[in-house]
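Reader: I'd like to learn how to read a structure like this one, feature by feature. Could you walk me through it?

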Amino acid sequence: MEENQPKTGKYSLIYGLFLGGISVAFALMLFSMDAHYSQDSLNTIISIIITVAIIIWGIISFKKANGGYLSLGEALKLGAGIAVIAGIIGVAYTMFLANVLDTEFITKVADAQRAAGIEAGTMTEQQIEQQYQGTLNYFWISYPIILIFNIIIGLIIGLLGGLILKKSKPME
């Protein structure tokens, strides 16, 4: 008789919602401090740590529920699944931020990029202006890029977590 095995989809949904919720809470904290358009590397590092921790937590929880067994394929599915759910939540939040909470968000991002380009001194004024206009006109393209980036990060974390945590079931 086959045991009732846990489903990767269930764990992906649970931990993806958790990661998405924590990420939105972190983003709202940045918004409340008017730092939501900042390109600060510390914010990125904190986001990566949160992402890695929650995906690994999801993989470990699945492994425990599966009697201590985990295949590399299951870890990859969990990493990508958790990341895509969190990515969808992140895109929804970004759309809400740009269209409701801070209608000047895209302009602020473009201004911050312009200031960084001027400070770096590696671009001409025309290149800086093209980048500025591109950000204003094509910001919507960041939405699928967020999802793709999340999936890639989830696959990498799932791969590394799977390689470290995998344990195959004995052959019967």
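Reader: Let's start with Leu163: is it buried, partly exposed or exposed?

Author: First, a word on what we're looking at. This is a predicted model, with residues numbered from 1 along each chain as its sequence is written. Local features need pLDDT of at least 70, side-chain atom pairs count only at pLDDT 80 or more, totals for chains, interfaces and linings use all residues, and side-chain values use heavy atoms, with hydrogens and water left out.

Author: Now the cut-offs: buried means under 20% relative accessible area, exposed means over 50%, and partly exposed is in between (1.4 Å probe, protein chains only). Leu163 has a relative accessible area of 48%, so it is partly exposed. You'll find Leu163 in helix 6, residues 142-165; helices here are DSSP runs (H or I, at least four residues), numbered from the N terminus, and strands (E) need at least two.

Reader: Which residues make the nonpolar surface patch?

Author: The idea is to collect residues with over 30% relative accessible area and no salt bridge, joining nonpolar side chains (Val, Leu, Ile, Met, Phe, Trp, Tyr) within 5 Å and like charges within 9 Å. The areas come from the Shrake-Rupley method with a 1.4 Å probe, and for residues only the protein chains shown count as cover. Here, Ile148, Ile152, Ile156, Leu159, Leu160 and Leu163 make a nonpolar patch of about 540 Å².

Reader: On to rings. How many aromatic pairs does the structure hold?

Author: A pair of aromatic rings is described by the distance of the centres and the angle of the planes. Rings of Phe, Tyr and Trp (its six-membered ring) pair if their centres lie within 6.5 Å; planes under 30 degrees apart are stacked, over 60 edge-to-face, and the rest tilted. The structure holds 6 such pairs. Take Tyr11 and Phe62: their ring centres are 5.5 Å apart and the planes sit at 90°, so this one is edge-to-face. Since Tyr11 is in helix 1 (residues 8-32) and Phe62 in helix 2 (residues 41-65), the pair ties together parts 51 residues apart in sequence. Both Tyr11 and Phe62 are buried.

Reader: And what about the rings of Tyr15 and Trp57?

Author: Their centres are 5.2 Å apart with the planes at 75°, so that pair is edge-to-face too. Tyr15 belongs to helix 1 and Trp57 to helix 2, so the pair ties together parts 42 residues apart in sequence. Tyr15 is buried at 11% relative accessible area, whereas Trp57 is partly exposed at 43%. Zoom out and ring pairs link Tyr11, Tyr15, Phe18, Trp57 and Phe62 into a cluster.

Reader: How many salt bridges does a search of the whole structure find?

Author: The test is a side-chain nitrogen of Lys or Arg within 4 Å of a carboxyl oxygen of Asp or Glu. By that test, the search finds 3 salt bridges. Lys108 meets Asp34 at 3.9 Å, N to O. With Lys108 in helix 4 (residues 105-120) and Asp34 in the loop between helix 1 and helix 2, the pair ties together parts 74 residues apart in sequence. As for burial, Asp102 counts as buried at 8%, while Lys108 is partly exposed at 26% and Asp34 partly exposed at 42%.

Reader: With which residue does Arg114 form a salt bridge?

Author: Its partner is Glu129, with the closest N and O atoms 2.8 Å apart. Arg114 lies in helix 4 and Glu129 in helix 5 (residues 125-138), so the pair ties together parts 15 residues apart in sequence. Arg114 is partly exposed at 24%, and Glu129 is partly exposed at 30%.

Reader: Over which ring does the charged end of Arg114 sit?

Author: For a charge over a ring, NZ of Lys or CZ of Arg must be within 6 Å of the ring centre and within 35 degrees of the ring normal. The charged end of Arg114 sits over the ring of Tyr132, 3.7 Å from its centre.

Reader: Last one: what is Thr94 in contact with, leaving aside its neighbours within four places in sequence?

Author: Contact means heavy atoms within 4.5 Å. On that basis, Thr94 is in contact with Phe139, Tyr143 and Ile146. Thr94 lies in helix 3 (residues 72-101) and counts as buried at 14% relative accessibility.
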